[in-house]
Amino acid sequence: MVVASPNPSRAEKPEAIELPVINLSGERTEVAKLITKACEEYGFFKVINHGVPEETIAAMEEEGLNFFMMPDVEKQRAGPAVPYGYGRKNIGFNGDIGEVEYLLLHTNPLSIPQSSITISGDLQKFCSVVNVYVRAVRGLACDLLDLMAEELRVQDQSLFSKMIRDIESDSLFRLNHYPPSSFHHCTTGAVGFGEHTDPQILTILRSNDVAGLQIRVADAVWVPVPPDPTAFCVNVGDVLQAMTNGRFMSVRHRVLTNINNPRMSMAYFGAPPLQASVTAPPELVTPHSPLLYRPFTWGEYKKASYSLQLGDSRLQLFRK
Ligand code: GA4
């Protein structure tokens, strides 16, 4: 819930948002209802009792931190981030910049730059930790997508999940490290990752205990989402907005750097195969809610995304 500030001078600085917290060990139909409601109202929610083992998360966090702690020259060996690898400050291909360094990997098959032999000291261990983590969060994403399809009464209940289960799924895994902004002589947080929506189907995000994520609420205010190391934060991507014929919202978000502490986040972006066709199933198209977006392939959408800037509205281009 957004708590409106009674003090107008603080109007620009709304209190933090409490995203819906969904306990996945609850009763299935109830859980499916809550998830669907959260996707319609917020586009974001948190999950607890998610079944991803703590040791899988801890191992991935440790590998991530070790990677970012390596000397620059070693990290640079895993770069450039085009198409996959280590990147710093540059985001995408059109001049977007943020106070962030990152490792961007394809998950099918796992693409670790060959040149990065020194990743975290032991490339094989790094790969195996990433593989175990990605398999676990992909499983979580599929479970959530099946619950959504069930509640939306979509006939093919694996319609969404089968896209990211596909061996040719174009899913990505990203480790982000946001150095503290005091480092850059700022008094407020700098923009770590500028505002955008995620283009894919579903994002499963995990961060350390350092704040920075903000979401755009009611297309008007930026609201901080406090970090929660007990949960995964899940958000709807553009493709799921299109496939639910606009019922679910792919919401703008951004990350500001923290003044004192480094933030590290790990994001799994579940995506369809490049040639997969993206359109809403007939069950979600009615005379009252006619088809909102023309059918497109994920490849087409991805190409459009990369030809635009981070903050541009991509889905608009596909409106009917
Ligand atoms: C946002 C979500 C993911 O981090 C990402 C980003 C990608 C990139 O960093 O290369 C994009 C951005 C993201 C959206 C629009 C395009 C593509 C940068 C950019 C300007 C990996 C993704 O898939 O889309």
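Me: Leaving aside its neighbours within four places in sequence, which residues is Leu104 in contact with?
Reply: In this predicted model, Leu104 has its place in strand E4. Once neighbours within four places in sequence are set aside, the contacts of Leu104 are Ala81, Tyr84, Gly85, Gly87, Leu172 and Arg174.

Me: Is Leu104 buried or exposed?
Reply: A residue is called buried if 20 or more other C-beta atoms lie within 10 Å of its own. Leu104 has 22 other C-beta atoms within 10 Å, and therefore Leu104 is buried.

Me: Which residues of helix H2 are buried, and on which side of the helix do they lie?
Reply: Helix H2 runs over residues 54-69 and reaches 22 Å from its first C-alpha to its last. Its buried residues are Met60, Glu63, Gly64 and Phe67. Because these cover an arc of only 100° around the axis, they lie on the same side of H2.

Me: Which element gives the most residues to the largest nonpolar core?
Reply: The largest nonpolar core has 78 residues, and among those that touch the most other members are Ile35, Leu144 and Met148. Not counting residues up to four places away in sequence, Ile35 touches Ile22, Phe45, Leu144, Leu147 and Met148. With 13 residues, the element that gives the most to this core is H4.

Me: How many residues of the shell around the ligand are charged?
Reply: The ligand is surrounded by 15 residues, of which the closest are Ile91, Gly92, Asp198, Ser305 and Leu310. Elements that give two or more residues to this shell are E4, E5 and helix H7. The shell divides into 7 nonpolar and 5 polar residues, and the number of charged ones is 3.

Me: What kind of peptide bond joins Gly79 and Pro80?
Reply: Most peptide bonds are trans. Pro80 has its place in the loop between helix H3 and strand E3, and omega for the bond from Gly79 is about -5°. The bond joining Gly79 and Pro80 is cis.

Key:
Residues are numbered from 1 along each chain as its sequence is written. This is a predicted model: local features need pLDDT of at least 70, side-chain atom pairs count only at pLDDT 80 or more; totals for chains, interfaces and linings use all residues. Helices (H or I, at least four residues) and strands (E, at least two) are DSSP runs, numbered from the N terminus. The expected span of a helix is 1.5 Å times one less than its number of residues. A residue is buried if 20 or more other C-beta atoms lie within 10 Å of its own, exposed if 12 or fewer, and partly exposed in between; C-beta atoms are placed from the backbone. The arc is that of the directions from the helix axis to the C-beta atoms. A residue is near a molecule or strand if its C-beta atom, placed from the backbone, lies within 6 Å of it. Ala, Val, Leu, Ile, Met, Phe, Trp, Tyr, Cys and Pro count as nonpolar, Asp, Glu, Lys and Arg as charged, and the others, Gly among them, as polar. A nonpolar core is a set of buried Ala, Val, Leu, Ile, Met, Phe, Trp, Tyr and Cys residues joined through C-beta atoms within 7 Å. Two residues are in contact if their C-beta atoms, placed from the backbone, lie within 7 Å.
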